[in-house]
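Work through the exercises below with the sequence and the model at hand. Try each task before reading its solution.

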2 protein chains.
Amino acid sequence: MVILFGGLSRRIFMGGSGLNMSRRIRRTPFTDKVESYGVTGFTVVNHMLLPKSFKKSVEEDYWHLRENVQIWDVSCQRQVEILGPDAEKLVQIMTPRSISKMRIGQCLYVPLLDENAGIINDPVLLKLDKNRFWLSIADSDVLLWTKGLAYGLNLNVKILEPQVFPLAIQGPKAEDLMAYVFGEKIRSINFFNFKYFDFLGTQQLVARSGYSKQGGFEIYFNGFDLGPKLWDLIWENGKKFNISAGCPNLIERIEGGLLSYGNEFTIENNPFECNFDKFFKLDSDHNFIGKENLEKIKKGGINKKIKGVLFDGGPCPPCTKPFPVFSKKGKKIGQITSGIFNPRLEKNTGLSMIDNDFWDDGNLLDIKTFDNVLREGIVSSLPFN
Amino acid sequence: MVILFGGLSRRIFMGGSGLNMSRRIRRTPFTDKVESYGVTGFTVVNHMLLPKSFKKSVEEDYWHLRENVQIWDVSCQRQVEILGPDAEKLVQIMTPRSISKMRIGQCLYVPLLDENAGIINDPVLLKLDKNRFWLSIADSDVLLWTKGLAYGLNLNVKILEPQVFPLAIQGPKAEDLMAYVFGEKIRSINFFNFKYFDFLGTQQLVARSGYSKQGGFEIYFNGFDLGPKLWDLIWENGKKFNISAGCPNLIERIEGGLLSYGNEFTIENNPFECNFDKFFKLDSDHNFIGKENLEKIKKGGINKKIKGVLFDGGPCPPCTKPFPVFSKKGKKIGQITSGIFNPRLEKNTGLSMIDNDFWDDGNLLDIKTFDNVLREGIVSSLPFN
């Protein structure tokens, strides 16, 4: 096997995309399909494959996503199921967001905190029943955190990772396609709500949600073996809507200000730094892990925050590790954690963590990219317009 | 960028090896070095890069490792530090293996169990001090499990992931090289013990251990920025020992019967299935999580177990997902979870989970590989000879 990389020739010794595959990097019900539809790169989330690029460029996929419909294998959004009489109690102590008024059939974005008010994960919570919840997670083993808490607190719950593999249908034509496949009832699902639909005699949970700002649905697919049939059904019906196999699009994600756990923030960050304070009231009467420290942080104030940055100098190289950000006087004041050129805004766009003296919208700063170019940038609110 | 893959031509859109890189997939103090020494593929363990292939083939690296010395970036073996008056108490309830007689300076292989006696991880435990331990982990967020337990049980401990990045020096010439770099005292470290050594004024923990059967050391390196200097020092001194940049070698690992969490076993498996019962006595008087269920499992017996399989038919294709294993009558009786051709044994070798009517050494069975060849195999004990 010979690879030519812009003139650089080298041999690689692995099957497929260059990521070394094994059982530990789990395949999904749809991996065979994304391979047959031309996946060219993966990443690993929750010990599972997430497609990250197809034959078309990220830019072509961006324009396509804004105008059509795409099918995404996001099975790596694993579910942590919490089941039993103490389920609500356990979920509530895991997040500063109150879930007391949550309805069955609703989704809620719930940052989870540790005892220091550091962020464990930022899942979407689904209330399936009075005593049954799913945390649909980003990249950390919330299963282990939840199991540890439940064991230690001696709660009456079962905690498991069900065989559920989300498949996202995203883009402006998603609703018409989904109505075609599952019936008109799909149109009645409100944003961040879910209902159940029949598929070959199985009941499938479908939510109006997804990791884009273009609208769409996520099918929380249960039933590994029927996966390819579900993919084919959507694909065949999708042809008239110009469907394409895709994945979360970096240009669109950054433009929409959608954060990625592990990239924009980690367990080292607190909810104020991530602008999550809009999701909770600290004077709510419910107790949660890290509350005391979160109150201290609020009192003391924070010294850095996630902001947008627009920057010049032509398309930047891939942000494979953070770009350092400097004040106009040359002081290091933060980093861009995800960045890419946006062809619609005709600027580079970045999600960043910026120190407090420099985080106001309109502030000028300099970004050093890995081509050793110093590019001028401007602080912006999120999402980018 | 154009890739030619055995005649198959396609474009890929990512930096370097085909795995899409971002801050979430953490780099190590040695990533720049392994890149400059010709890494051609990575995998992801504990949200961190693990090199998996270099310019030479796995086979060439296997022969080299058996005769020389290699330097491996195994920073992904993250440490979970447990610190405080309740540290020993917490560690002890996490594992069926008794740690009551463990000495400071000792390492111990300690499978961790959940309440069902399913395996959470199989780390190496290091006793740094009376009240200070490291769990040096395989691929799951033991940090979250440990933090959840400590919070729930209200234990007086701190739990953190220190900035420690193991660098392994493996192979028969490892001791001579390490003595050259750190002094003769290194020879006095017994297997699965550690001592401290100076490096540019810093104290570094060095253990005689590693993920190979060829002997060697692991430097639990603290101090991110000095990483390249440590690499260079070992490299320069290693030239006379024919040093090479390497990584855990699949041929050698399977031959040595070294298991990989997530590949050979998961949270669905119990210690008896993994032949871990040699590490603990169930009638020991210490209590641990999952003890009751482990006793039940012992009473009821297990119906599958990890075994070796030798099989024919010429070099098998990469075992990117498990190969199904059948009895001679065509019944599915297990799977090979890691497999590769061994050039010394001139057979394919596999680590497998095999049903109890078929797991005896010498039993014949059939393996179906992804080239759709049915290959005859024979059950073998581990390690392979």
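The model is predicted, so local features are given only at pLDDT of at least 70 and side-chain atom pairs only at pLDDT 80 or more, while totals for chains, interfaces and linings use all residues. Residues are numbered from 1 along each chain as its sequence is written, and chains are lettered from A and ligands numbered from 1 in the order in which they are written.

**Exercise 1. The whole chain**

Describe the secondary structure, extent and burial of chain A.

Solution. Start with the elements: chain A has eight helices and 23 strands. Helices (H or I, at least four residues) and strands (E, at least two) are DSSP runs, numbered from the N terminus. Next, take the extent: the C-alpha trace spans about 60 × 55 × 40 Å along its principal axes. The radius of gyration of chain A is 21 Å, close to the 21 Å of the globule rule for 385 residues, so the chain is as compact as a globular protein of that length. That radius is taken over C-alpha atoms, and the rule is 2.2 Å times the number of residues to the power 0.38.

Then turn to burial: 50% of the 385 residues of chain A count as buried. A residue is buried if 20 or more other C-beta atoms, placed from the backbone, lie within 10 Å of its own, exposed if 12 or fewer, and partly exposed in between. Last, of the contacts in chain A with a separation of 6 or more, 65% join residues 24 or more positions apart. A contact requires C-beta atoms, placed from the backbone, within 7 Å.

**Exercise 2. The domains**

Find the domains of chain A and describe where domain 1 meets domain 2.

Solution. The bounds come from an automatic or database domain assignment. Domain 1 takes in 24-77 + 163-254, domain 2 is 79-160 and domain 3 is 303-385. Over C-alpha atoms, the centres of domain 1 and domain 2 of chain A are 25 Å apart. At their contact, 10 residues of domain 1 meet nine residues of domain 2. On the domain 1 side these are five nonpolar, four polar and one charged. Here Ala, Val, Leu, Ile, Met, Phe, Trp, Tyr, Cys and Pro count as nonpolar, Asp, Glu, Lys and Arg as charged, and the others, Gly among them, as polar.

**Exercise 3. A five-stranded sheet**

Give the strand order of the open sheet of five strands in chain A.

Solution. The order is β7-β10-β11-β6-β12, with antiparallel pairing. β7 (107-109) and β12 (158-160) are at the edges. Between β6 (residues 79-83) and β11 (residues 132-136) there are five bridges, and A:Ile82 stands opposite A:Phe133 in β11(A). Helix α3 (residues 87-94) packs on this sheet and touches β6, β10 (124-129) and β11 of chain A.

**Exercise 4. Single residues**

Is A:Tyr151 buried or exposed, and which residues does A:Tyr151 touch?

Solution. A:Tyr151 is in helix α4 (residues 142-153) of chain A. A:Tyr151 has 21 other C-beta atoms within 10 Å, so this residue is buried. Not counting residues up to four places away in sequence, A:Tyr151 touches B:Glu115, B:Leu149, B:Gly152 and B:Ile289.

Terms used. Contact = placed C-beta atoms within 7 Å. Pairing = 2+ DSSP bridges. Axes fitted to C-alpha atoms, helices over the stretch in contact; angles between N-to-C directions.
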